[in-house]
Amino acid sequence: MAWDEWEQLKTSAAERDSTRMQLNRLPDEDRPNAGSPTGGFLKVDQQDLAAIGDEAFKLYNRLWKEARVTSTDSAASDLSGQGFALGGALSHVALQWDKQLGSVMDACALISNHMDFTKNAHAGDEVFIERHVSSIQTLDSGFDDDWAKPGKPNKIYEPDKKD
């Protein structure tokens, strides 16, 4: 297909109905966060982090209580002892299940611990930022002429009055 022919097809399609042909993009309704100045920003607060960590911790505990299979070891050894190949297969499946369960439980523990750490780190960041912003305001007041009327000394430099 020649390039001119392709351009003609695109132009004619656009003239007929612009919503029928959309090349190399999704419709706007399928892109809720794309290009929107008011959306698309990730915002998480402490309650969100705590809820995620709490759910991961609950899932970890449920997996520990409900997903572990402890009765297969004796059944597998009994079957193997009686000459059934099923005993070895059951032992293999149980071992694989334990490995996979351990991986999922490790992931849950990692998520829970990370959310706790993130929550605490952000709380510390808030205090740090608040302290620095308040100290910048005090420093700025020493250089700002608007803090004192013309001809009057800036109050920031007045000695502390002790009674």
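Me: In which helix does Thr72 lie?
Reply: The model discussed here is predicted. In this model, Thr72 belongs to the helix that spans residues 72-81. That element is helix H3.

Me: Is Thr72 buried or exposed?
Reply: The relative accessibility of Thr72 is 13%. A residue is called buried when its relative accessible area is under 20%. Because its value is 13%, Thr72 counts as buried.

Me: Which residues does Thr72 touch, not counting residues up to four places away in sequence?
Reply: Residues up to four places away in sequence are set aside here.

Me: Where is the place of Met105, and is Met105 buried or exposed?
Reply: Met105 is found in helix H4, which covers residues 85-143. Its relative accessible area is 7%, and the limit for a buried residue is under 20%. Therefore Met105 is buried.

Me: What distance separates the C-alpha atoms of Met105 and Arg62?
Reply: Along the chain, Met105 and Arg62 are 43 residues apart.

Me: With which residues is Met105 in contact, leaving aside its neighbours within four places in sequence?
Reply: Neighbours within four places in sequence are left out of this list. The contacts of Met105 are then Tyr60, Leu63 and Trp64.

Me: How many helices and strands are there in the chain?
Reply: From the N terminus on, the order of elements is α-α-α-α. The chain accordingly contains four helices and zero strands.

Key: Residues numbered from 1 in each chain as written. Predicted model: local features only at pLDDT ≥ 70, side-chain atom pairs only at ≥ 80, totals over all residues. Heavy atoms only, no water. Helix = DSSP H or I, 4+ residues; strand = E, 2+ residues; numbered from the N terminus. Buried < 20%, exposed > 50% of the residue type's maximum accessible area, 1.4 Å probe, protein only. Contact = heavy atoms within 4.5 Å.
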